[in-house]
Amino acid sequence: MTTRTHTRGPRSSAALLESAVLACFDGARSLHRAEIAERTGLSRTVVTSLLKELVGRGTVSVAPGSRDRSPGRPAFTYQLSSVVAPVALVRLGPGSTSLVLADAAGPRSADRIPVLPTSPGPWDGAVLDFLQRARRGGSPGVRQVVIAAPFPVTEDGPPVLPCDGPLARSLAAHFDAVASAHERLSRRLSEPVTLINDAQLAALGEAVFGAAAGTRASVHLSVRHGIGSGLVFNGRLFSGPGGTAGEIAHVQIDADGPDCLCGGRGCLATQLAGKDADLVLSELYGRALAGREVDELVAAGDPVALRFYQDTGHKAARALSGLVTVLTPDAIVIDAQLGPAHVPFTMSLAKGLGEHCPPGQIQHLRLVRGRLADAQAFGAVALQLDAGS
C-alpha cells in the first residue's frame, strides 16, 4: 500500500471553498457578501456563486429583512440555516445518554443524563427539558432530533436477533426500549425524529465536514467505542436497502469461529475482546483506566496496549478487505477518537489490507486520521442538510 498526495478535482475544490465560507460564520450570526469575501480572501464573484449554491441547498439562508449597505444594489445578509435551527443529537451510551445541540460550526452545547430509554419517564423528561432549555437560550427550536444508536438500525427500527439466551434477550429489550423512545418522541415533537446508527453518522460527518470532504467514496471506521463503519458516496450516506450497510462487525473472518448474536459464525465482533477499547484494556491491565491513561500508555509504547491495537487493526483489515477490493474507495477515515492509538492501529490495518487485497485495488487508497472530535454531531447536521437539499 502506498501513501500519496490526493489530487483534488473540481468538486473537491468547490467543497473546500464552501467549507471556507461556512467557517466564516463561526462566532458571527450573519454576514454580508463583502464581509465573507474579506474573511476568506475570495473574490466577490466567487463568494456570490458559492452563496447561491449554499442557499439552494438550504445550508445558508438570506436573513429576514436584510438590506444592502451599498447604494443602488441589493446585497443581502446571510446566515447559516442551522444558526436559526440547529439539530439535536441524542446519543445513547453505556449507562447514560448525551444530548448535543449542533450546527455546521459543530457542537454548541451539551448535557449528559445518567439514564437510558429503558427508564421511559426520566429519560423522556430529560430529553424534552434539554430541548426546552435550548429554546429558552434564544434558539427557535431544532429542525430535527437525531437519535444515534450503537447498534444496526433497519428501516423498521432496531434489528430482531435470530438467537436466544440471556444476552440476546437483554439486547432485544434494549432495542425495543430505544424503538419505543423513538416513537414517543416522534409523537410528542413537531420536529422530525430520526433513529440512525452512530457509526453511519460519524462517516457522514467526516465526509461532509472532515477528513473525507471531496472524496468520491469513503469508508469511516469507528474503533475506540465499538467497531463499526459507514459508507459515503459523493457526499451522501449509503445505508443500503435495509438501512444497515457498513456493519463490518458482522463480516465473517473465521469460518470456524464461535456463533454470533447476529446468527452468523466467526464474525469480527466475536474475534474482539469487547466493544469498548478502553474497557478491554482495563480488563487486560486488571484496573480501571480512564481514556487519558490509555492514551498515555499507547504514547509511551506500552507493549500490551500496542499489541491490542495492532491486533484489532489486523482483524479489521480482514473484515474490510472484500469491501475495499470491490469498491476501491478513495479513503478510509480512521476514528479521530483513537488519539495516539491511531499509529499502531493504522499501520496494522495497512499491512493487513496489503496482505488480503490485490495490489492494483489499493494503490490509490489513502488511510487518513479523522479530523472531527465529534464526528457524530457533524453527521447529524449533515443529515439535516442532506434532507433539506
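1. Salt bridges. Across the whole structure, a search returns 12 salt bridges, a salt bridge being a side-chain nitrogen of Lys or Arg within 4 Å of a carboxyl oxygen of Asp or Glu. This is a predicted model, in which local features need pLDDT of at least 70 and side-chain atom pairs count only at pLDDT 80 or more, while totals for chains, interfaces and linings use all residues. Residues are numbered from 1 along each chain as its sequence is written, and side-chain values use heavy atoms, with hydrogens and water left out.

2. Asp 374 and Arg 91. The side chains of these two residues form a salt bridge at 2.8 Å, N to O. Asp 374 sits in the loop between β13 and α14 (375–387) and Arg 91 in strand β4, so the pair ties together parts that are 283 residues apart in sequence. Helices (H or I, at least four residues) and strands (E, at least two) are DSSP runs, numbered from the N terminus. Both Asp 374 and Arg 91 are buried; buried means under 20% relative accessible area, exposed over 50%, and partly exposed in between, with a 1.4 Å probe and protein chains only.

3. Arg 216 and Asp 330. In this salt bridge the closest N and O atoms are 3.0 Å apart. Arg 216 belongs to the loop between α7 and β9, and Asp 330 to the loop between α11 (303–327) and β12, so the contact ties together parts that are 114 residues apart in sequence. Arg 216 is exposed at 57% relative accessibility, whereas Asp 330 is buried with a relative accessible area of 5%.

4. Glu 296 and Arg 292. These residues also form a salt bridge, with 3.0 Å between the closest N and O atoms. They are four residues apart in helix α10 (residues 291–299), separated by about one helical turn. An α-helix has 3.6 residues a turn, so residues three or four places apart point the same way. Glu 296 is partly exposed, at 44% relative accessible area, and Arg 292 is exposed, at 54%. Elsewhere, a network of salt bridges links Asp 111, Asp 129 and Arg 133.

5. Five-stranded sheet. The strand order of this open sheet is β11-β10-β9-β12-β13, and its pairing is mixed; two strands pair if DSSP finds at least two bridges between them. Strands β11 (236–238) and β13 (366–369) are the edges, each pairing on one side only. Neighbouring strands are turned by 30° against each other on average, direction ignored. Axes are lines fitted to C-alpha atoms, for helices over the stretch in contact, and angles run from 0 to 180 degrees between N-to-C directions. Strands β9 (residues 217–222) and β12 (residues 331–334) run parallel and are joined by four bridges, with Val 219 opposite Ile 332 in β12.

6. Helices on that sheet. Helix α7 (residues 198–209) lies across β9, β10 (228–233), β11 and β12, at about 45° to β10. Helix α12 (residues 342–356) lies across β9, β12 and β13, at about 165° to β13. Contact here means heavy atoms within 4.5 Å.

7. Three-stranded sheet. A second open sheet has the order β1-β3-β2 and antiparallel pairing. Its edge strands are β1 (31–32) and β2 (60–62), each pairing on one side only. Two bridges join β1 to β3 (residues 77–80), and the bridge partner of His 32 in β3 is Thr 77.

8. Helix α5. This helix (residues 120–136) has 17 residues and reaches 24 Å from first to last C-alpha, close to the 24 Å expected at 1.5 Å a residue; the expected span is 1.5 Å times one less than the number of residues. Its buried residues include Trp 123, Asp 124, Phe 130 and Leu 131. Among the elements covering the buried residues of α5 are β4 (87–92), β5 (97–103), β6 (106–113), β7 (144–149) and α6 (166–188).

9. Ala 382. Where does Ala 382 lie? It is in helix α14, and it is buried at 3% relative accessibility. Leaving aside neighbours within four places in sequence, Ala 382 contacts Leu 204, Val 208 and Phe 209. Ala 382 and Ala 104 are 278 residues apart in sequence and 7.8 Å apart in space, C-alpha to C-alpha.

10. Cysteines. The whole structure contains zero disulfides, a disulfide being a pair of cysteine sulfur atoms within 2.5 Å. For Cys 260, the nearest cysteine sulfur is that of Cys 262, 3.7 Å away. Cys 260 is buried at 10% relative accessible area, and Cys 357 is buried at 5%.
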